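User: I am new to this structure and would like to go through it step by step. Could we begin with its interior?

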Amino acid sequence: MSMVRQSLVTLGLSSWLALPLSANPVEQLFSTRACPECNLRGQDLSNRALNGANLSSANLRNVDLQNSNLRNANLIYANLEEAYLYRTNLQEANLTNANLRNANLTEADLRGAKLTDAIILGALQAGAKFCRTIMPDGKLNNQDCRLLEN
């Protein structure tokens, strides 16, 4: 038995050894789809199936989520400032109080998303799909419903 392990056992801290010394938030997200309050800043999370993920209060600044599926994700209070969300599926996602300042939402699917009190200042929204989308001011945006129904 190593000296460190023996010392820990002596101190009654052997159960501590079962815990990872430094949890990897990316691995945690991929394996559990839950990483609230995680720091994922600048990570490449593109082309991932993250539907239903809990990323509430997570730091997703400058993260690449292009072509990822975040349908029904919990992004309440998430920091998505300058995030790359090109063609990201955000259908039914809860983005209440999220920071999307200067995010790239080009061609993102925001059908049924909730953006109540979210910050979208400077966000690129060209081609983004809005239908049954609750906007930051609480108003419903149905601008693309007809187009999407055909």
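User: Which residues line the largest cavity?

Analyst: In this predicted model, the lining of the largest cavity is formed by Leu100, Leu105, Leu110, Leu115, Ile120, Gln125, Phe130 and Met135.

User: How many of those are nonpolar, polar or charged?

Analyst: Seven of the lining residues are nonpolar and one is polar, while none is charged.

User: What volume does that cavity have?

Analyst: The volume of the largest cavity is about 40 Å³. A search of the whole structure for cavities of 30 Å³ or more finds one.

User: Changing topic: which secondary structure elements are there, and in what order do they run?

Analyst: The protein has three helices and two strands. Starting at the N terminus, their order is α-α-β-β-α.

User: What share of the residues is buried?

Analyst: Of the 150 residues in the protein, 38% are buried.

User: Now the disulfides. How many are there?

Analyst: The count is two disulfides. A disulfide is a covalent bond between the sulfur atoms of two cysteines. With bonded cysteines counted along the chain, the pattern here is 1-2, 3-4.

User: Which cysteine does Cys35 pair with?

Analyst: Cys35 is joined to Cys38, with an S to S distance of 1.8 Å. The torsion about the S-S bond of this link is -85°, and the link is left-handed.

User: Are those two cysteines buried or exposed?

Analyst: Cys35 counts as buried because its relative accessibility is 0%, under the 20% cut-off. Cys38 is also buried, at 10% relative accessibility.

User: What about the disulfide of Cys131: where are its two cysteines, and is it left-handed or right-handed?

Analyst: Cys131 is bonded to Cys145, and the S to S distance is 2.0 Å. The torsion about their S-S bond is about 105°, so this disulfide is right-handed. Cys131 sits in the loop between α2 (25–32) and β1 (133–134), whereas Cys145 belongs to helix α3 (residues 145–149), so the pair ties together parts that are 14 residues apart in sequence.

User: Buried or exposed, for Cys131 and Cys145?

Analyst: Cys131 is buried, with a relative accessible area of 3%. Cys145 counts as buried as well, at 12% relative accessibility.

Note on methods
Residues numbered from 1 in each chain as written. Predicted model: local features only at pLDDT ≥ 70, side-chain atom pairs only at ≥ 80, totals over all residues. Heavy atoms only, no water. 1 Å grid on protein atoms, 1.4 Å probe; cavity = no way out; pocket = protein on both sides within 12 Å on 5 of 7 lines; lining within 4 Å. Points joined across faces, edges and corners; volume = space filled by probe spheres on them. Nonpolar A, V, L, I, M, F, W, Y, C, P; charged D, E, K, R; others polar. Helix = DSSP H or I, 4+ residues; strand = E, 2+ residues; numbered from the N terminus. Buried < 20%, exposed > 50% of the residue type's maximum accessible area, 1.4 Å probe, protein only. Disulfide = S-S within 2.5 Å.
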